[in-house]
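Here are some friendly notes to read with the model open beside you. Take the points one at a time, and find each residue on screen before moving on.

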Amino acid sequence: MAKLAFDTGGTFTDFALLDDNGDLHLHKVLSTPKNPAEAVVQGVSELLEQFSSAISIEHLQVLGATTVVTNAVLERKGVETSFITTDGFQDMLRIRNEGRYDLYDLNIKYPDPLVTRSNSYGAVERIAADGEVMTELKEETVREIASHLKKKGISSVAVCLLHAYKYPQHEQRVAALLREEDPDIFVSLSSEVCPEMREFDRASTTVVNAYTRPQMAGHVAHLQREFAAKGIDRQVLWMTSSGGLVPSRRAAELPVRLIESGPAAGAVAAAEFGRIAGEGSVLSFDMGGTTAKLCLIPNGEPTVGTDLEVAHYQRFRKGSGFPLKIQSIQMIEIGAGGGSIAAKNPLGLLDVGPHSAGAMPGPAAYQRGGTQPTVTDADILLGYMGTESFVGGSFKVSKDAAREAMAALAKSLDVSVDRCAWGIHDLVNESMSKAAAMHATDLGVDPRSLPMVAFGGAGPVHAYGIARKLGIKRIICPTGAGVTSAIGLLIAPVAVDLSASHPMPVDNWDVAAVDRLLDDLAAQGAEVVSAAGIAKETITNRYTVDMRHVGQGHEITVALPDRGLPRQEFLKQLLANFYKLYRELFGRTVNASVEVITWRLRASGEKDRVTRPHDVNAADALKGQRYVYFQELGAYAETPVYDHYRLPVGREYAGPAIVEQRESTAVVGPSGVFHVDANGNLMINIQ
């Protein structure tokens, strides 16, 4: 069956088509930020037209990753949203959890809530933590709220009542009443979006879902109509933040789970390319036009966490953004991509990012109206990227325009244009190497022991410099590096992550309650996964639980033993798993009772494999020469430029060199030795 994947980025939209013959075709077009669907439709149309003879259109499966949700939150361009909670708790979004990300900052600030105080309402009701109904839901208060919403024209509502994660009946009735008053309103219930403990985190997650839901629903519906007009009738499958694919209907209902879909697809691909290259653990480095993402992949699988935070008021400061209780691949992201703008800061020093020129107007070299120098402009001036071979020569860029933009910044800094360009390139490398070191250290790993999988349009350009700063000795640049996230969509399994908070002390284990809870999660998972066309008998269920000592405020995620074990053996293994991980994390164990707080399930189909054999035995891969700057040499040097796709398998070449793919360019410095393996991956070893 043919598959067509697209990944909407801030600057480019990437495509990967696997046709009926098993051949892989790659494509890239400029993104259209005002309407992301336009670029998707353009790229899909171009691929279908070019390869129509190799595709059975009626069986074509389309897969997608998008920045629609992320951008709506970061740019605060979602819809006007309302928040309904238990009466008396309307300020929950402002009070937050009373935590402080900087204990000594007397003027500490947080991002403004996505819902204004005037749009926050209280429904008269109260359910206690043990399920006792202390105050019955007064339906007239909900109908009154609905009347206010209609007058204001509010189309999306987040509902988060106290203890609804376990006792959702009042939330469900609120939703029914709101829909009675306005059948077209979007209602996001915390008991469906995030049925987990901790009121503020649950409310924050539900609000982000409500804030972005109408936009994502419109985006999904628009693309489904466009694809249907081309004869593609299957539901689009969308990448979630945890690295699984879900059907369009679920993506439209729970867009908050797609907030890191593109980066997650890249991490899935990096794990696969590392496996193909014979590496168990790798550092994934994905640098596109707007951001760079770093992800540690131990033992061939990205680490999936249970918390995420977005829209930080202070970059990298945990606790300064909106917390989201969703399953997501753990990675660190910084605002440094090819389109990141360089400028002089108030101290008179060079700064790069986080603001980006994006696709429009783009870097100055694009000649689309951009006048400020960017990372891409610097890389072009340094010779790392060719003006005639940019995106395979299909997109012309101007070195003169890049120089003109750089000259103004260089003058303000009182340095030469070339020195300014190198400063931008090196500053970005320094920022990312520090971020990578911090990410690896947090996970207890020495980054020097890991090979790097570098991809994205700008990833291979910067990988060599970052690897040298980190002490990494091996770089893997996949074939099709510029569209690797799209390739990751072809590999990823259909999968859904579900959770439910139901506190249970291990000393008071209720087998019947556990079975009911896990069976319910399994039934929900099977419903979602089978809706994507996966046979129920092939679905794999993987259970984990969040555990802690009684009285502690935070949990750790532990694998659940085989449910078929006898009760005592099951509990013995569960506690052994908990104590082992606890000791690894904190260096000791505690003599106190243990409890399970949240139960989790990942229901998934099988992962696909995409290979692209590289069978070139002898070919003239040399395309020409150009002058390229290398700090190791302290000067520009005439450097050979090779065609990645014509490099013979296994033959070693010494740096310095430039290796060009259609979608990306790899820079190999003087200390590098490189070759292409049998799968077409560029392997760079640093002496």
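1. Let us begin with Trp599. This residue touches Leu498, Ser499, Ala500, His502, Met504, Trp509, Val514, Leu517, Leu518, Leu521, Thr544 and Val545, leaving aside residues up to four places away in sequence. Contact here means heavy atoms within 4.5 Å. Before you go further, please note that this is a predicted model, in which local features need pLDDT of at least 70, side-chain atom pairs count only at pLDDT 80 or more, and totals for chains, interfaces and linings use all residues. Residues are numbered from 1 along each chain as its sequence is written, and side-chain values use heavy atoms, with hydrogens and water left out.

2. Which residues have the most contacts inside the largest nonpolar core? They are Trp509 and Trp599, and this core has 123 residues. A second, separate core has 68 residues, including Ala378, Leu381, Ala410 and Tyr464. A nonpolar core is a set of buried Ala, Val, Leu, Ile, Met, Phe, Trp, Tyr and Cys residues joined through side-chain atoms within 4.5 Å. Buried means under 20% relative accessible area, exposed means over 50%, and partly exposed is in between (1.4 Å probe, protein chains only).

3. Now look at two helices. The axes of α9 (residues 261-276) and α14 (residues 484-491) come within 7 Å and cross at roughly 75 degrees. That makes α9 roughly perpendicular to α14 (65 to 115 degrees counts as roughly perpendicular, under 35 as roughly parallel, over 145 as roughly antiparallel and the rest as oblique). Axes are lines fitted to C-alpha atoms, for helices over the stretch in contact, and angles run from 0 to 180 degrees between N-to-C directions. Helices (H or I, at least four residues) and strands (E, at least two) are DSSP runs, numbered from the N terminus.

4. Which residues of α9 meet α14? Gly262, Ala265, Gly266, Val268, Ala269, Glu272 and Phe273 do, and their partners in α14 are Thr484, Ser485, Ile487, Gly488, Leu489 and Ile491.

5. Next comes an open sheet of four strands, in the order β28-β29-β31-β32, with mixed pairing. β28 (622-630) and β32 (665-668) stand at the edges with a single partner strand each, so one side of each has no neighbour in the sheet. On average, neighbouring strands of this sheet are turned by 25 degrees against each other, direction ignored. β28 pairs with β29 (residues 635-643) in the antiparallel sense over eight bridges (two strands pair if DSSP finds at least two bridges between them). Within β29, Tyr636 is the bridge partner of Tyr629.

6. Is strand β14 (residues 292-297) enclosed or open? Six of its six residues are buried, so β14 is largely enclosed by the rest of the structure. Ala292, Leu294 and Leu296 lie on one side, with Lys293, Cys295 and Ile297 on the other, and both faces are covered. β13 (residues 282-287) pairs with β14 in the antiparallel sense over six bridges, and the two strands form a hairpin with four residues between them. β14 also pairs with β19 (residues 332-334), again antiparallel, over three bridges.

7. Strand β34 (residues 682-686) has four of its five residues buried, so it too is largely enclosed by the rest of the structure. β23 (residues 474-477) pairs with β34 in the antiparallel sense over four bridges, and five bridges join β33 (residues 672-676) to β34, also antiparallel. β33 and β34 form a hairpin with five residues between them, where Gly680 in the turn has a positive phi of about 85 degrees.

8. Finally, please check two arginines. Most residues other than glycine have a negative phi. Arg76 has a positive phi of about 55 degrees although it is not a glycine, and Arg96 also has a positive phi of about 55 degrees. Arg76 lies in the loop between α2 (68-74) and β5 (81-86) and is partly exposed at 38% relative accessibility. Arg96 lies in the loop between α3 (92-95) and β6 (120-123) and is buried, with a relative accessible area of 12%.
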